[in-house]
Structure formats: C-alpha cells, structure tokens
Amino acid sequence: MIQLAIVGLGGWGRRLVEAVQGRSDRVRFVAAVTPRPDKIRDFADAKDIRVTPDYGDVLADPSVDGIVSCGPAHLHGEHSLVALQSGKPVLAVKPMSLFAEEATRLEAAAREQGVLLALGYNRCFMPHVTALREELGADALGELLHTEGNFCVNRYFHLKNEGWKADPELARPGSLADHILYLTIATLGPLADVYAVARHDVSANRLADVVAAVARSRGGASALLTGIGTTAELFRFHVFGSKGWAELRGDATFRLETTGGRTIDVDLPRADAELLEVEAFADAIAGRATFPVPIGDAVHGVAALAAIARSAASKRVEPI
C-alpha cells in the first residue's frame, strides 16, 4: 500500500482524499500539511489522517512514499520543489507552477533525485479522453489539422475579492483555458506561439471573464482555447483531422465522424477520475506502470500558460 501526504486540504484536496480513502487497495493518505490544522481537524480525523503544520516533519517521515501538492496554485511549485529535493515523488495538482522557469527547475530536481514528478489533472483520466487517445493511436483522424475547446463555468460571480483565487496576478488570463491546454498539447504536441485576447466584462472582481487564445503547434496545426468564468458550465474539446473529427463533451460524451462514414455518438460509463489519477501516481511510484502524462508535456503547459498571460497583456503573438 502506497502511503501519501497531501499539502493543502481545501476543497480540491478533500475531493482527492474522499476519492481514495477506504476505496483503494493500492494507495491511501496518511498525513496532511496545513498552516491551520484546527480548521480541518474533523475531516482529517474522520479520514484517519494525521495533520501537521510542519512540512519538514512529513518530508522526513520514511513511511510517506509520496507528496500531493494541492495548496494554493501559486505555491504548488515551491511545495513540489522542496519535496523533490527531499527525495519524495510528487503529484503536483494543476497548475504545476505559474512560472516556466520554476517548472523547469522542478523537472531538473526530479531528474537529479531520480524520483517521479507527475501532473495531477483529473480530466486526463476521464473515459472520453481515453477513447480519444485510442482513436488517435489508431490514426482514425489522419493528419491532425486543428483543435478547439471551451472551458466555461459560472464561477467568477461568486469569488470574493479577497484571496489568491481573485488576485489577477495569481489567477492570470488563461487560468480557465488551461483546462483545455493540456489536452491540446497531448494531441498536437508542443506549441510554438500564441495570441490571446482577455476581457473583464461582468464580474465584480478584477479577473478576466473571457479569454480566447489562438495557438500554433510546432508541427503547424492550429488550436483555439476559450475560458469563460461567467456563463453556464461547458466542457468541450474538438479535434479535426484529414480523415474526420472527434469531440469530447462534459465528463463522458464522445462523438466521432470520419470521411469514410464511421460514426460514434455515445455517453461512456462515468469513471472516478480523481481515484484513477491518484492510483496512477501510486502505481508509478511502485513501478507497476508509467504515469500516463509525460512530464515534458506538463512543463511545456506551464510555459504555454505563461505565454497566454503575456500575450493578453502585450496584445501580440508571444513565443512559447
């Protein structure tokens, strides 16, 4: 049984713990690090997790096999780097970092220590993403020409102006579009450059309500990524190729149509993506399997996200 500690036990951290604790025979959480242990004591006790404000104590514990970095987004890089330098494998919840240079340091530290660095992003484990991987592996769409995606939520109306989630320096333009970004990179490969438009229209905070980015892959394909924080929920990722197209919608809908007349339109059985994500991390630590998201893609995603923010500010095409 792989034993993990989690840094940060807010909403998403609790979701990961609830997905795993008592439900997996391969991995469990044994510790949580937070600056305010009393705030999460009841939850931690119910899940049989010890709580401490001392990160160093957890990193020095030989019974902890790996770290899940799940605190505020701007601290993911710092928390992950310390763990890697201590020789602990890390699952860094998206975004791995807000800064390309920091993400590169994380990759270097993991290589130097010979430990795993993995990107924690639940959508990589959803059933329609698996179906898309299989179709692309079978060359069902031919030469890939273009991708486009939308990540839309009714979130920004409810954000208070206090806290990092409402700070435009930390929740930069592209922070919602990155839900599409990692699938774009996995599909088209590394991106060359990006042009982004960001607008603040209707929310009471200072965040960009709408971000639209057009990117070009190094192979020449194009991509459109849109993130909106002030509308009804929508997740869509669409891939176009010389032999047909495939679309992912919501958490499980998969559609495909080829020029040869083959069609798919199905709602796949839902999977517990958070459980699969943490188990994949545990399996990689144990040497049972390779983590399915290449670390190079994750590091490149940080650079691309930073370029989206730069382009929104400069109003120019920015290299990645």
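**Exercise 1.** How much of the accessible surface of the chain belongs to carbon and sulfur atoms?

*Solution.* Start with what we have: this is a predicted model, where local features need pLDDT of at least 70, side-chain atom pairs count only at pLDDT 80 or more, and totals for chains, interfaces and linings use all residues. Residues are numbered from 1 along each chain as its sequence is written, and side-chain values use heavy atoms, with hydrogens and water left out. Next, take the accessible surface (Shrake-Rupley method, 1.4 Å probe): the chain has about 14,000 Å². Carbon and sulfur atoms hold 50% of that area.

**Exercise 2.** Work out whether the radius of gyration of the chain agrees with that of a compact globule.

*Solution.* First, apply the globule rule, 2.2 Å times the number of residues to the power 0.38, with the radius taken over C-alpha atoms. For 320 residues this predicts a value near 20 Å; the chain has 20 Å, so the two agree. Then look at the box that the C-alpha atoms fill along the principal axes: roughly 55 × 45 × 35 Å.

**Exercise 3.** Find the residues with the most contacts inside the largest nonpolar core.

*Solution.* Begin with burial (under 20% relative accessible area, 1.4 Å probe, protein chains only): 55% of the 320 residues are buried. A nonpolar core joins buried Ala, Val, Leu, Ile, Met, Phe, Trp, Tyr and Cys residues through side-chain atoms within 4.5 Å. The largest one has 99 residues, and Phe29, Ile67, Val68, Met96 and Phe291 have the most contacts inside it. Helix α9 (residues 295–314; a DSSP run of H or I, at least four residues) gives the most to this core, with eight residues.

Terms used:
Buried means under 20% relative accessible area, exposed over 50%, partly exposed in between (1.4 Å probe, protein chains only). Helices (H or I, at least four residues) and strands (E, at least two) are DSSP runs, numbered from the N terminus.
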